[in-house]
Amino acid sequence: MMNRRQFLTAAAFGTLALALPARSLFAGVQPHVVVLGGGVGGATFAKYLKMQDRNVRVTVIEKNPTYMRPYGSTEVITGHIGMKDLEVGYDVLKNKYGVEFVFDRVTGGDLDKRSLKLASGTTMTYDKLVVSPGIELMYDKVEGYSEAVANTDIPSAWIPGKQTQLLADQLKAMPQGGTFVMVAPPNPYRCPPGPYERAALVTEWCEKHNPTAKIIILDPKNEFVTDKNMLLGWNRLYNFNISAEFMEGMPSDVKIHNTPSKLEWIRAKDGGKVKSIDANSKTVTFEGGSIKADVLNIIPPQRAGKIAQDLGLSDDKGWCPVNLTDFASNHFKDVYVLGDATHGGMTPKSGFSANSQAKVTAMAVIDALAGREPNENPVWENTCYALAGSDYGLFVADVFRLKEGNVMYRVNPDRYPSLHQTPAQIRLGAVYQQTWMRTFTQDCFA
Ligand SMILES: Cc1cc2nc3c(=O)[nH]c(=O)nc-3n(C[C@H](O)[C@H](O)[C@H](O)COP(=O)(O)OP(=O)(O)OC[C@H]3O[C@@H](n4cnc5c(N)ncnc54)[C@H](O)[C@@H]3O)c2cc1C
(Lines give C-alpha, C1' and ligand atoms only; values in the text may rest on other atoms or scores of the structure.)
Protein backbone atom coordinates (compact mmCIF):
# COMPACT_ATOMS: atom_id res chain seq x y z
CA MET A 1 0.00 0.00 0.00
CA MET A 2 1.12 3.54 -0.74
CA ASN A 3 0.23 6.14 1.80
CA ARG A 4 -1.93 9.09 0.77
CA ARG A 5 1.01 11.43 0.19
CA GLN A 6 2.90 8.90 -1.95
CA PHE A 7 -0.26 8.20 -3.96
CA LEU A 8 -0.99 11.87 -4.66
CA THR A 9 2.65 12.63 -5.47
CA ALA A 10 2.79 9.70 -7.87
CA ALA A 11 -0.54 10.75 -9.40
CA ALA A 12 0.71 14.29 -9.91
CA PHE A 13 3.94 13.16 -11.57
CA GLY A 14 2.41 10.33 -13.56
CA THR A 15 4.66 7.72 -11.98
CA LEU A 16 1.95 5.57 -10.45
CA ALA A 17 2.37 2.88 -13.08
CA LEU A 18 5.89 2.32 -11.78
CA ALA A 19 4.71 2.25 -8.21
CA LEU A 20 2.16 -0.55 -8.14
CA PRO A 21 1.86 -1.84 -4.60
CA ALA A 22 3.04 -5.36 -3.84
CA ARG A 23 1.27 -5.76 -0.50
CA SER A 24 -2.46 -5.73 -0.02
CA LEU A 25 -4.74 -4.75 2.80
CA PHE A 26 -7.12 -7.45 1.64
CA ALA A 27 -5.10 -10.69 1.55
CA GLY A 28 -7.45 -13.65 1.82
CA VAL A 29 -10.62 -11.69 1.06
CA GLN A 30 -11.07 -10.10 -2.30
CA PRO A 31 -13.49 -7.18 -2.22
CA HIS A 32 -15.36 -6.71 -5.47
CA VAL A 33 -15.77 -3.15 -6.73
CA VAL A 34 -18.03 -2.72 -9.76
CA VAL A 35 -17.81 0.37 -11.94
CA LEU A 36 -20.80 1.33 -14.09
CA GLY A 37 -19.49 3.23 -17.11
CA GLY A 38 -16.00 3.07 -18.62
CA GLY A 39 -15.74 6.75 -19.57
CA VAL A 40 -13.45 9.31 -18.01
CA GLY A 41 -14.72 8.94 -14.43
CA GLY A 42 -15.14 5.15 -14.47
CA ALA A 43 -11.87 4.32 -16.25
CA THR A 44 -9.78 6.66 -14.08
CA PHE A 45 -11.39 5.27 -10.94
CA ALA A 46 -10.74 1.64 -11.98
CA LYS A 47 -7.11 2.34 -12.83
CA TYR A 48 -6.33 4.29 -9.68
CA LEU A 49 -8.09 1.79 -7.43
CA LYS A 50 -5.99 -1.01 -8.90
CA MET A 51 -2.89 1.11 -8.37
CA GLN A 52 -3.81 1.40 -4.73
CA ASP A 53 -4.35 -2.30 -4.24
CA ARG A 54 -4.16 -4.97 -6.94
CA ASN A 55 -5.97 -7.45 -4.72
CA VAL A 56 -9.25 -5.61 -5.02
CA ARG A 57 -11.28 -7.10 -7.86
CA VAL A 58 -12.45 -4.29 -10.15
CA THR A 59 -15.03 -4.94 -12.87
CA VAL A 60 -16.09 -2.20 -15.28
CA ILE A 61 -19.47 -2.68 -16.98
CA GLU A 62 -19.47 -0.61 -20.15
CA LYS A 63 -21.98 -0.77 -22.98
CA ASN A 64 -19.43 -0.03 -25.76
CA PRO A 65 -16.26 -2.08 -26.28
CA THR A 66 -14.43 1.08 -27.41
CA TYR A 67 -14.79 4.45 -25.69
CA MET A 68 -15.42 7.47 -27.84
CA ARG A 69 -14.14 10.57 -26.10
CA PRO A 70 -16.41 13.62 -26.07
CA TYR A 71 -13.55 16.01 -25.29
CA GLY A 72 -11.99 17.17 -28.54
CA SER A 73 -14.96 15.90 -30.58
CA THR A 74 -15.65 19.32 -32.10
CA GLU A 75 -12.41 18.85 -34.04
CA VAL A 76 -14.18 16.12 -36.03
CA ILE A 77 -16.85 18.61 -37.05
CA THR A 78 -14.23 20.98 -38.43
CA GLY A 79 -12.25 18.14 -40.02
CA HIS A 80 -9.02 18.51 -37.97
CA ILE A 81 -9.39 14.85 -36.96
CA GLY A 82 -11.60 11.91 -37.94
CA MET A 83 -14.06 9.85 -35.88
CA LYS A 84 -11.40 7.13 -35.45
CA ASP A 85 -9.22 9.60 -33.56
CA LEU A 86 -11.86 9.80 -30.82
CA GLU A 87 -11.65 6.07 -30.11
CA VAL A 88 -9.91 4.84 -26.99
CA GLY A 89 -9.43 1.14 -26.19
CA TYR A 90 -9.41 -0.64 -22.86
CA ASP A 91 -6.50 -3.07 -23.45
CA VAL A 92 -4.03 -1.29 -21.17
CA LEU A 93 -6.49 -1.16 -18.28
CA LYS A 94 -7.12 -4.87 -18.77
CA ASN A 95 -3.59 -6.11 -19.37
CA LYS A 96 -1.45 -3.79 -17.30
CA TYR A 97 -3.70 -3.03 -14.35
CA GLY A 98 -5.85 -6.17 -14.22
CA VAL A 99 -9.18 -4.37 -14.53
CA GLU A 100 -11.93 -6.77 -15.68
CA PHE A 101 -14.40 -5.62 -18.32
CA VAL A 102 -17.94 -6.73 -19.10
CA PHE A 103 -19.24 -5.16 -22.30
CA ASP A 104 -22.95 -5.03 -21.61
CA ARG A 105 -25.59 -2.44 -20.76
CA VAL A 106 -26.82 -2.05 -17.21
CA THR A 107 -30.61 -1.93 -17.41
CA GLY A 108 -31.56 -1.68 -13.74
CA GLY A 109 -30.94 -3.29 -10.39
CA ASP A 110 -31.71 -3.35 -6.72
CA LEU A 111 -29.11 -1.24 -4.97
CA ASP A 112 -30.47 -2.16 -1.53
CA LYS A 113 -29.44 -5.72 -2.38
CA ARG A 114 -26.17 -4.61 -4.07
CA SER A 115 -27.19 -6.07 -7.38
CA LEU A 116 -27.28 -4.85 -11.00
CA LYS A 117 -29.19 -6.28 -13.97
CA LEU A 118 -27.54 -6.35 -17.40
CA ALA A 119 -29.16 -6.37 -20.84
CA SER A 120 -27.81 -9.89 -21.47
CA GLY A 121 -29.91 -11.14 -18.54
CA THR A 122 -26.92 -11.54 -16.18
CA THR A 123 -26.90 -10.19 -12.64
CA MET A 124 -23.80 -8.59 -11.12
CA THR A 125 -23.28 -8.17 -7.38
CA TYR A 126 -20.72 -5.98 -5.65
CA ASP A 127 -19.26 -4.84 -2.34
CA LYS A 128 -18.96 -1.25 -3.60
CA LEU A 129 -20.44 0.28 -6.73
CA VAL A 130 -19.09 3.34 -8.52
CA VAL A 131 -21.43 4.89 -11.09
CA SER A 132 -20.13 7.25 -13.79
CA PRO A 133 -22.67 7.08 -16.65
CA GLY A 134 -22.23 10.60 -18.07
CA ILE A 135 -25.26 12.55 -19.25
CA GLU A 136 -28.64 12.10 -20.86
CA LEU A 137 -29.63 14.69 -23.47
CA MET A 138 -33.23 15.80 -22.96
CA TYR A 139 -34.07 16.36 -26.64
CA ASP A 140 -37.81 16.63 -25.94
CA LYS A 141 -37.33 19.68 -23.73
CA VAL A 142 -36.94 21.72 -26.93
CA GLU A 143 -40.37 21.91 -28.54
CA GLY A 144 -40.30 20.33 -32.00
CA TYR A 145 -37.02 18.47 -31.33
CA SER A 146 -36.55 14.76 -30.56
CA GLU A 147 -33.85 12.12 -30.54
CA ALA A 148 -35.12 10.81 -33.89
CA VAL A 149 -34.74 14.27 -35.45
CA ALA A 150 -31.28 14.61 -33.87
CA ASN A 151 -30.18 11.31 -35.39
CA THR A 152 -31.28 12.19 -38.91
CA ASP A 153 -31.47 15.96 -39.53
CA ILE A 154 -30.57 18.25 -36.63
CA PRO A 155 -27.67 16.73 -34.70
CA SER A 156 -26.76 17.65 -31.19
CA ALA A 157 -23.37 15.88 -31.27
CA TRP A 158 -22.88 16.49 -27.53
CA ILE A 159 -22.39 12.77 -26.94
CA PRO A 160 -20.00 11.69 -29.70
CA GLY A 161 -21.16 9.17 -32.29
CA LYS A 162 -23.09 9.21 -35.56
CA GLN A 163 -24.46 12.70 -34.84
CA THR A 164 -20.89 14.04 -34.73
CA GLN A 165 -20.17 12.79 -38.25
CA LEU A 166 -23.60 14.00 -39.44
CA LEU A 167 -22.86 17.53 -38.21
CA ALA A 168 -19.41 17.45 -39.86
CA ASP A 169 -21.01 16.38 -43.17
CA GLN A 170 -23.71 19.05 -42.91
CA LEU A 171 -21.14 21.79 -42.28
CA LYS A 172 -19.15 20.74 -45.35
CA ALA A 173 -22.30 20.67 -47.47
CA MET A 174 -23.66 24.00 -46.22
CA PRO A 175 -24.34 26.33 -49.18
CA GLN A 176 -22.02 29.32 -49.61
CA GLY A 177 -23.37 32.18 -47.52
CA GLY A 178 -25.48 29.74 -45.45
CA THR A 179 -26.43 30.13 -41.80
CA PHE A 180 -25.18 27.81 -39.06
CA VAL A 181 -27.31 28.16 -35.92
CA MET A 182 -26.28 26.70 -32.59
CA VAL A 183 -28.74 26.49 -29.70
CA ALA A 184 -26.69 26.59 -26.47
CA PRO A 185 -27.91 24.66 -23.39
CA PRO A 186 -29.08 26.01 -20.04
CA ASN A 187 -26.91 25.45 -16.94
CA PRO A 188 -25.74 22.99 -15.77
CA TYR A 189 -24.34 21.10 -18.73
CA ARG A 190 -21.33 19.06 -19.86
CA CYS A 191 -18.24 21.16 -20.71
CA PRO A 192 -19.09 24.78 -19.84
CA PRO A 193 -16.87 26.51 -22.49
CA GLY A 194 -17.60 23.79 -25.09
CA PRO A 195 -20.51 25.31 -27.06
CA TYR A 196 -18.62 28.61 -27.49
CA GLU A 197 -15.44 26.82 -28.55
CA ARG A 198 -17.50 24.88 -31.10
CA ALA A 199 -19.06 28.08 -32.47
CA ALA A 200 -15.57 29.63 -32.71
CA LEU A 201 -14.03 26.66 -34.52
CA VAL A 202 -16.96 26.48 -36.94
CA THR A 203 -16.51 30.20 -37.63
CA GLU A 204 -12.80 29.69 -38.25
CA TRP A 205 -13.59 26.80 -40.62
CA CYS A 206 -16.08 29.00 -42.49
CA GLU A 207 -13.48 31.79 -42.87
CA LYS A 208 -11.53 29.36 -45.08
CA HIS A 209 -14.25 27.34 -46.76
CA ASN A 210 -17.43 29.40 -46.69
CA PRO A 211 -16.39 33.03 -46.20
CA THR A 212 -19.87 34.53 -46.52
CA ALA A 213 -21.48 32.14 -44.04
CA LYS A 214 -22.99 33.34 -40.78
CA ILE A 215 -22.77 31.60 -37.39
CA ILE A 216 -25.41 32.44 -34.78
CA ILE A 217 -25.53 31.24 -31.16
CA LEU A 218 -28.95 31.37 -29.50
CA ASP A 219 -28.43 31.27 -25.77
CA PRO A 220 -30.75 30.94 -22.75
CA LYS A 221 -27.90 32.45 -20.66
CA ASN A 222 -26.17 35.84 -20.52
CA GLU A 223 -22.65 34.69 -19.71
CA PHE A 224 -20.41 31.64 -19.59
CA VAL A 225 -17.15 30.61 -17.93
CA THR A 226 -14.13 32.02 -19.85
CA ASP A 227 -16.46 34.48 -21.59
CA LYS A 228 -14.17 37.52 -21.52
CA ASN A 229 -11.15 35.65 -22.92
CA MET A 230 -13.33 33.97 -25.55
CA LEU A 231 -15.02 37.23 -26.62
CA LEU A 232 -11.62 38.91 -26.91
CA GLY A 233 -10.51 36.10 -29.21
CA TRP A 234 -13.69 36.47 -31.28
CA ASN A 235 -13.08 40.23 -31.52
CA ARG A 236 -9.56 39.69 -32.82
CA LEU A 237 -10.35 36.79 -35.12
CA TYR A 238 -13.92 37.26 -36.37
CA ASN A 239 -14.81 40.99 -36.17
CA PHE A 240 -17.02 40.29 -33.16
CA ASN A 241 -18.11 43.42 -31.29
CA ILE A 242 -17.84 43.04 -27.50
CA SER A 243 -20.77 44.54 -25.61
CA ALA A 244 -20.13 47.12 -22.88
CA GLU A 245 -20.70 44.75 -19.89
CA PHE A 246 -17.65 42.70 -20.89
CA MET A 247 -15.30 45.60 -21.63
CA GLU A 248 -13.81 46.13 -18.16
CA GLY A 249 -10.10 45.29 -18.23
CA MET A 250 -10.01 44.64 -21.97
CA PRO A 251 -6.74 45.57 -23.74
CA SER A 252 -6.51 48.64 -25.95
CA ASP A 253 -6.41 46.66 -29.22
CA VAL A 254 -10.11 45.70 -28.86
CA LYS A 255 -11.75 47.02 -32.02
CA ILE A 256 -15.19 48.36 -32.75
CA HIS A 257 -15.86 46.75 -36.10
CA ASN A 258 -18.05 48.46 -38.66
CA THR A 259 -18.51 45.33 -40.72
CA PRO A 260 -20.90 42.73 -39.27
CA SER A 261 -19.28 39.79 -37.50
CA LYS A 262 -19.58 36.34 -38.99
CA LEU A 263 -20.32 35.18 -35.46
CA GLU A 264 -23.29 36.47 -33.53
CA TRP A 265 -24.14 35.65 -29.89
CA ILE A 266 -27.77 36.34 -29.01
CA ARG A 267 -28.04 36.14 -25.24
CA ALA A 268 -31.13 35.59 -23.07
CA LYS A 269 -31.39 39.33 -22.41
CA ASP A 270 -31.44 39.95 -26.17
CA GLY A 271 -34.16 37.33 -26.72
CA GLY A 272 -31.87 34.32 -27.34
CA LYS A 273 -34.02 31.81 -25.45
CA VAL A 274 -35.49 29.30 -27.90
CA LYS A 275 -39.24 28.69 -27.83
CA SER A 276 -39.57 25.96 -30.47
CA ILE A 277 -38.17 24.62 -33.69
CA ASP A 278 -39.76 23.50 -36.93
CA ALA A 279 -37.62 20.51 -37.80
CA ASN A 280 -38.75 20.29 -41.44
CA SER A 281 -37.69 23.80 -42.38
CA LYS A 282 -34.92 24.09 -39.70
CA THR A 283 -36.59 27.26 -38.48
CA VAL A 284 -35.95 28.27 -34.89
CA THR A 285 -38.39 30.52 -33.06
CA PHE A 286 -36.81 32.32 -30.14
CA GLU A 287 -37.89 35.16 -27.88
CA GLY A 288 -36.27 37.75 -30.15
CA GLY A 289 -37.59 36.45 -33.51
CA SER A 290 -37.07 33.50 -35.81
CA ILE A 291 -34.25 32.24 -38.06
CA LYS A 292 -34.18 29.65 -40.81
CA ALA A 293 -30.93 27.72 -40.52
CA ASP A 294 -29.05 25.81 -43.18
CA VAL A 295 -27.31 23.80 -40.47
CA LEU A 296 -28.88 23.60 -37.04
CA ASN A 297 -26.98 22.26 -34.01
CA ILE A 298 -29.05 21.97 -30.84
CA ILE A 299 -27.35 21.21 -27.53
CA PRO A 300 -30.38 20.37 -25.39
CA PRO A 301 -30.85 20.52 -21.61
CA GLN A 302 -29.11 17.69 -19.79
CA ARG A 303 -29.35 15.49 -16.72
CA ALA A 304 -27.50 12.48 -15.29
CA GLY A 305 -27.22 9.44 -17.59
CA LYS A 306 -30.51 7.53 -17.85
CA ILE A 307 -29.34 4.56 -15.81
CA ALA A 308 -28.69 6.86 -12.84
CA GLN A 309 -32.34 7.93 -13.04
CA ASP A 310 -33.51 4.31 -13.38
CA LEU A 311 -31.47 3.16 -10.38
CA GLY A 312 -32.94 5.91 -8.19
CA LEU A 313 -29.66 7.76 -7.75
CA SER A 314 -30.84 11.18 -8.99
CA ASP A 315 -33.04 13.84 -7.44
CA ASP A 316 -35.82 16.01 -8.86
CA LYS A 317 -33.25 18.22 -10.63
CA GLY A 318 -32.01 15.19 -12.55
CA TRP A 319 -28.49 14.99 -11.03
CA CYS A 320 -27.18 12.64 -8.34
CA PRO A 321 -26.73 14.09 -4.86
CA VAL A 322 -23.58 12.85 -3.09
CA ASN A 323 -21.70 13.33 0.12
CA LEU A 324 -19.11 15.81 -1.08
CA THR A 325 -16.24 14.35 0.95
CA ASP A 326 -16.08 11.09 -0.97
CA PHE A 327 -18.89 11.28 -3.57
CA ALA A 328 -20.86 8.51 -1.82
CA SER A 329 -24.47 8.53 -2.96
CA ASN A 330 -26.98 10.19 -0.64
CA HIS A 331 -29.54 7.59 -1.68
CA PHE A 332 -27.79 4.21 -1.32
CA LYS A 333 -25.11 2.74 0.92
CA ASP A 334 -21.90 1.45 -0.74
CA VAL A 335 -22.61 3.39 -3.94
CA TYR A 336 -20.58 6.36 -5.25
CA VAL A 337 -21.40 8.63 -8.20
CA LEU A 338 -18.73 10.44 -10.23
CA GLY A 339 -18.38 12.78 -13.16
CA ASP A 340 -21.02 14.64 -15.11
CA ALA A 341 -23.86 12.75 -13.38
CA THR A 342 -23.24 14.25 -9.92
CA HIS A 343 -24.11 17.41 -8.12
CA GLY A 344 -20.38 17.91 -7.57
CA GLY A 345 -20.53 21.23 -5.75
CA MET A 346 -18.77 23.87 -7.83
CA THR A 347 -16.71 21.37 -9.83
CA PRO A 348 -17.79 21.73 -13.46
CA LYS A 349 -19.10 18.90 -15.61
CA SER A 350 -15.77 18.34 -17.34
CA GLY A 351 -13.50 15.40 -18.03
CA PHE A 352 -10.78 16.98 -15.89
CA SER A 353 -13.20 17.14 -12.93
CA ALA A 354 -14.42 13.56 -13.46
CA ASN A 355 -10.78 12.39 -13.47
CA SER A 356 -9.93 14.36 -10.32
CA GLN A 357 -13.08 13.15 -8.53
CA ALA A 358 -12.22 9.56 -9.51
CA LYS A 359 -8.77 9.78 -7.88
CA VAL A 360 -10.17 11.16 -4.61
CA THR A 361 -12.95 8.56 -4.60
CA ALA A 362 -10.46 5.72 -5.30
CA MET A 363 -8.73 6.66 -2.03
CA ALA A 364 -12.08 6.91 -0.25
CA VAL A 365 -13.22 3.46 -1.45
CA ILE A 366 -9.95 1.87 -0.30
CA ASP A 367 -10.44 3.58 3.08
CA ALA A 368 -14.04 2.35 3.27
CA LEU A 369 -13.04 -1.24 2.40
CA ALA A 370 -10.38 -1.08 5.10
CA GLY A 371 -12.90 0.28 7.62
CA ARG A 372 -11.29 3.72 7.79
CA GLU A 373 -12.94 7.13 7.57
CA PRO A 374 -12.34 9.00 4.27
CA ASN A 375 -9.95 11.95 4.16
CA GLU A 376 -11.84 14.92 5.60
CA ASN A 377 -9.96 17.47 3.51
CA PRO A 378 -9.88 16.25 -0.07
CA VAL A 379 -8.66 18.48 -2.87
CA TRP A 380 -9.95 18.40 -6.45
CA GLU A 381 -8.68 20.21 -9.51
CA ASN A 382 -10.02 21.31 -12.85
CA THR A 383 -8.61 23.01 -15.92
CA CYS A 384 -10.91 23.55 -18.89
CA TYR A 385 -8.85 24.48 -21.93
CA ALA A 386 -10.75 26.00 -24.83
CA LEU A 387 -9.95 27.46 -28.24
CA ALA A 388 -11.23 30.66 -29.79
CA GLY A 389 -9.36 29.55 -32.94
CA SER A 390 -6.97 26.67 -33.58
CA ASP A 391 -4.00 28.87 -32.55
CA TYR A 392 -5.85 30.85 -29.93
CA GLY A 393 -5.96 29.07 -26.54
CA LEU A 394 -7.57 30.01 -23.24
CA PHE A 395 -8.48 28.24 -20.01
CA VAL A 396 -10.03 28.32 -16.57
CA ALA A 397 -8.06 26.57 -13.82
CA ASP A 398 -9.22 25.90 -10.27
CA VAL A 399 -8.38 24.02 -7.11
CA PHE A 400 -11.44 23.01 -5.05
CA ARG A 401 -11.79 22.28 -1.34
CA LEU A 402 -14.67 21.60 1.00
CA LYS A 403 -15.96 24.81 2.52
CA GLU A 404 -19.19 25.29 4.45
CA GLY A 405 -20.46 21.94 3.23
CA ASN A 406 -19.82 22.67 -0.44
CA VAL A 407 -16.99 21.94 -2.89
CA MET A 408 -15.75 25.41 -3.74
CA TYR A 409 -12.94 27.01 -5.66
CA ARG A 410 -10.94 29.92 -4.36
CA VAL A 411 -12.15 33.06 -6.12
CA ASN A 412 -9.02 34.20 -7.86
CA PRO A 413 -8.58 36.32 -11.00
CA ASP A 414 -5.68 34.07 -12.02
CA ARG A 415 -8.13 31.27 -12.78
CA TYR A 416 -8.25 32.79 -16.29
CA PRO A 417 -5.32 33.86 -18.46
CA SER A 418 -4.65 37.58 -18.42
CA LEU A 419 -6.54 39.58 -21.05
CA HIS A 420 -3.15 41.17 -21.80
CA GLN A 421 -1.32 38.02 -22.86
CA THR A 422 1.20 38.27 -25.68
CA PRO A 423 0.39 36.56 -29.01
CA ALA A 424 3.02 33.92 -28.15
CA GLN A 425 1.30 33.13 -24.84
CA ILE A 426 -2.03 32.82 -26.60
CA ARG A 427 -0.55 30.40 -29.15
CA LEU A 428 1.04 28.45 -26.30
CA GLY A 429 -2.43 28.10 -24.72
CA ALA A 430 -3.56 26.29 -27.88
CA VAL A 431 -0.48 24.02 -27.76
CA TYR A 432 -1.23 23.19 -24.10
CA GLN A 433 -4.82 22.34 -25.05
CA GLN A 434 -3.67 19.79 -27.63
CA THR A 435 -0.97 18.37 -25.34
CA TRP A 436 -3.43 18.10 -22.46
CA MET A 437 -5.82 16.12 -24.64
CA ARG A 438 -3.14 13.45 -25.25
CA THR A 439 -1.69 13.21 -21.74
CA PHE A 440 -5.13 13.33 -20.16
CA THR A 441 -6.32 10.37 -22.23
CA GLN A 442 -3.24 8.45 -21.08
CA ASP A 443 -3.90 9.33 -17.46
CA CYS A 444 -7.45 7.95 -17.68
CA PHE A 445 -7.00 4.93 -19.93
CA ALA A 446 -3.31 3.89 -20.00
C1 LIG B 1 -17.63 18.91 -27.43
C2 LIG B 1 -17.10 18.57 -26.07
C3 LIG B 1 -15.84 19.03 -25.69
C4 LIG B 1 -15.36 18.75 -24.42
N5 LIG B 1 -14.11 19.22 -24.07
C6 LIG B 1 -13.62 19.00 -22.83
C7 LIG B 1 -12.37 19.51 -22.46
O8 LIG B 1 -11.68 20.19 -23.24
N9 LIG B 1 -11.93 19.27 -21.20
C10 LIG B 1 -12.65 18.52 -20.31
O11 LIG B 1 -12.18 18.33 -19.18
N12 LIG B 1 -13.86 18.01 -20.64
C13 LIG B 1 -14.37 18.23 -21.88
N14 LIG B 1 -15.59 17.70 -22.23
C15 LIG B 1 -16.41 17.01 -21.21
C16 LIG B 1 -15.98 15.56 -20.91
O17 LIG B 1 -15.91 14.80 -22.09
C18 LIG B 1 -16.99 14.95 -19.93
O19 LIG B 1 -17.15 15.83 -18.85
C20 LIG B 1 -16.49 13.59 -19.42
O21 LIG B 1 -16.45 12.66 -20.49
C22 LIG B 1 -17.38 13.09 -18.29
O23 LIG B 1 -16.97 11.82 -17.85
P24 LIG B 1 -18.06 10.78 -17.29
O25 LIG B 1 -17.30 9.62 -16.80
O26 LIG B 1 -18.98 11.50 -16.37
O27 LIG B 1 -18.93 10.41 -18.57
P28 LIG B 1 -18.49 9.72 -19.96
O29 LIG B 1 -17.06 10.00 -20.25
O30 LIG B 1 -19.52 10.11 -20.95
O31 LIG B 1 -18.61 8.17 -19.65
C32 LIG B 1 -19.85 7.54 -19.40
C33 LIG B 1 -19.73 6.09 -19.84
O34 LIG B 1 -20.82 5.36 -19.28
C35 LIG B 1 -21.28 4.43 -20.23
N36 LIG B 1 -22.67 4.08 -19.90
C37 LIG B 1 -23.71 4.92 -19.74
N38 LIG B 1 -24.82 4.25 -19.41
C39 LIG B 1 -24.48 2.95 -19.35
C40 LIG B 1 -25.21 1.75 -19.05
N41 LIG B 1 -26.51 1.76 -18.78
N42 LIG B 1 -24.54 0.57 -19.06
C43 LIG B 1 -23.21 0.53 -19.35
N44 LIG B 1 -22.47 1.62 -19.65
C45 LIG B 1 -23.09 2.83 -19.64
C46 LIG B 1 -21.14 5.19 -21.56
O47 LIG B 1 -21.12 4.30 -22.67
C48 LIG B 1 -19.82 5.93 -21.36
O49 LIG B 1 -18.72 5.19 -21.84
C50 LIG B 1 -16.11 17.95 -23.51
C51 LIG B 1 -17.36 17.45 -23.91
C52 LIG B 1 -17.84 17.75 -25.17
C53 LIG B 1 -19.20 17.23 -25.59
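Phe-45 sits in helix H2; helices are DSSP runs of H or I with at least four residues, strands are runs of E with at least two, and both are numbered from the N terminus. Phe-45 counts as buried because it has 33 C-beta neighbours inside 10 Å. A residue is called buried if 20 or more other C-beta atoms lie within 10 Å of its own, exposed if 12 or fewer, and partly exposed in between, with C-beta atoms placed from the backbone. The model is predicted: local features need pLDDT of at least 70, side-chain atom pairs count only at pLDDT 80 or more, and totals for chains, interfaces and linings use all residues. Residue numbers start from 1 along each chain as its sequence is written.

- Beyond its neighbours within four places in sequence, Phe-45 is in contact with Val-35, Val-130, Ser-132, Leu-338, Ala-358, Thr-361 and Ala-362; contact means that the two C-beta atoms, placed from the backbone, lie within 7 Å.
- The C-alpha atoms of Phe-45 and Gly-339 are separated by 10 Å, although the two residues are 294 apart along the chain.
- H2 covers residues 40–52, and its 13 residues reach 18 Å from first C-alpha to last, close to the 18 Å expected at 1.5 Å a residue; the expected span is 1.5 Å times one less than the number of residues.
- H2 is mostly covered, with 13 of its 13 residues buried.

**Ligand shell**

- There are 37 residues around the ligand, of which Gly-37, Gly-39, Gly-41, Gly-134 and Gly-339 come nearest; a residue is near a molecule if its C-beta atom, placed from the backbone, lies within 6 Å of it.
- H2, strand E2 (57–62), helix H10 (351–369) and E22 each give two or more residues to this shell.
- By class, the shell holds 16 nonpolar, 15 polar and 6 charged residues. Ala, Val, Leu, Ile, Met, Phe, Trp, Tyr, Cys and Pro count as nonpolar, Asp, Glu, Lys and Arg as charged, and the others, Gly among them, as polar.

**Sheet E22-E23-E24**

- E22, E23 and E24 form, in that order, an open antiparallel sheet of 3 strands; strands pair if DSSP finds at least two bridges between them.
- Its edge strands are E22 (379–389) and E24 (406–409), each pairing on one side only.
- Neighbouring strands are turned by 30 degrees against each other on average, direction ignored. Axes are lines fitted to C-alpha atoms, for helices over the stretch in contact, and angles run from 0 to 180 degrees between N-to-C directions.
- E22 is joined to E23 (residues 392–403) by 10 bridges, and Gly-389 has Tyr-392 in E23 as its bridge partner.
- Helix H8 (residues 227–238) lies across E22 and E23, at about 15 degrees to E22.

**Phe-240**

- Phe-240 is in the loop between H8 and strand E13 (263–266).
- Phe-240 is classed as buried because 24 C-beta neighbours lie inside 10 Å.
- Leaving out neighbours within four places in sequence, the contacts of Phe-240 are Leu-231, Trp-234, Asn-235, Ser-261 and Leu-263.
- Phe-240 and Lys-255 are 15 residues apart along the chain, with their C-alpha atoms separated by 8.6 Å.

**Sheet E14-E15-E16**

- A further open sheet has 3 strands in the order E14-E15-E16, with antiparallel pairing; E14 and E16 (289–292) are the edge strands.
- Neighbouring strands of this sheet are turned by 15 degrees on average, direction ignored.
- E14 (residues 274–278) and E15 (residues 283–286) pair over 4 bridges. Val-274 has Phe-286 as its bridge partner, and Ile-277 has Val-284.
- E14 and E15 make a hairpin with 4 residues between them, and Lys-282 in the turn has a positive phi of about 55 degrees.
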